[in-house]
Amino acid sequence: MTDVVLAAVLGVLGGIVLTVLLLLARRLARGAADLGSDAEQAALDALHHASLAAPHLRSGLAGPAVVKAARHLRVLLGSAAVAIVSADGVVSFDGPSDGLESAAVRIAGQVTASGRRQVFRSPGPDDDLEAVGAPILVDGRVVGAVVAFAAPVRAALVRAAEEVADWCAAQVELGGLEASRTQLAEAELRSLRAQISPHFIYNALTAIASFILTDPARARELVLEFADFTRYSFRRQGEFTTLAEELGSIHSYLELESARFGDRLRITLQIAPETLATVIPFLSVQPLVENAVRHGLEPGEGGGEIRIASRDDGTHTEISVEDDGVGMDPEGLRVTLTAGDDGLHVGLRNVDTRLRQLYGAESGLVVETNTGAGTLVRMRVPKSQPLHDPGND
């Protein structure tokens, strides 16, 4: 719950910053005659350098990219040199050295020990550079320090260094939140794989065994389909795939289920060709199909039909899986998706959770169902996902 609240707060703050940036950018676009006041120009420059520094702090203060953040923060503070020193003593420095890096380590050590901002005046007349150090606090713990050098250190720089340290802490926390979300997504993928293995593998092997003596060629085909299905489902690379790749795995799954159901299982595909390249979360459509077979058609004696469709919906691709099976109680389904684990619809709930985490709270599954009336499950995925390219995953 804390992660969700933190994400919401950071989202609101990000929206405010983006709005300010857009307003100032529009003013800049009108030309040099309408650049605004010096204060507005300074605010734009500050936001620009802060936005450039932010990504380099998300992986922690000891990474090799933090020196790029120090470069932008030095411009932001207007100081002669800036150092970001992690609690482990890793220094990311920008500015003329002249022994300042070792001085930054000593200053950061004192700031870390005290947990408070400190100003270090020039020790003598021959040394005009002074310094201010401010702790970077995450969850009440000092994880590093920002050290700025200037001649002299004025009150404005002291306050600015403290604000920059707090901002660095927020970026480190945000990076931790992103890492936690990634770990959660990986855990849910493992859960989906665990769900697939016991139930489906037993049924698939039983179906294959039934053809070994009566139709060896069919048995060989099913073994290959089983190999393709398991190879895809248990692959280790990437959290994203394309709709085309997922449909290939679904084809193997349905071939194996058709061997078990025979004529009682009918499949209809309505796939718009332009949607095949859509990037989707790995194992997001397949669990919907498995849910339709296991909980929609399998409980009934007469089998039924599964319809898988995709269509271009402007900025999104809409994917649907529908069955004409036994359906579900709407209230029971709502409880399953929002709160509990009934042990039956784990895949459905995991897909819903992952979609909301990736694309926002309003991007979960849309389910239309009722007892005896079948089930229709829809999901909408953005067509443009540059950060989720399976080739770069």
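The structure is a predicted model, in which local features need pLDDT of at least 70, side-chain atom pairs count only at pLDDT 80 or more, and totals for chains, interfaces and linings use all residues. Residues are numbered from 1 along each chain as its sequence is written, and side-chain values use heavy atoms, leaving out hydrogens and water.

**View 1. Helix 6 spans residues 216–233.** Helices (DSSP runs of H or I, at least four residues) and strands (runs of E, at least two) are numbered from the N terminus. From first C-alpha to last, the 18 residues of helix 6 reach 26 Å, close to the 26 Å expected at 1.5 Å a residue; the expected span is 1.5 Å times one less than the number of residues.

**View 2. Helix 6 has a buried side and a face turned away from it.** Buried means under 20% relative accessible area, exposed over 50%, and partly exposed in between (1.4 Å probe, protein chains only). Among the buried residues of helix 6 are Leu 222, Phe 226 and Phe 229. Arg 220, Leu 224 and Arg 231 are exposed on the face turned away.

**View 3. Strand 12 (residues 375–382) is largely enclosed by the rest of the structure, because 6 of its 8 residues are buried.** Strands pair if DSSP finds at least two bridges between them. Strand 10 (residues 316–323) pairs with strand 12 in the antiparallel sense over 8 bridges, and Ser 320 stands opposite Arg 378.

**View 4. Strand 11 and strand 12 form a hairpin with 5 residues between them.** Here the antiparallel pairing runs over 4 bridges, with Thr 369 opposite Thr 375. In the turn, look for Gly 372, whose phi is positive, about 80 degrees.
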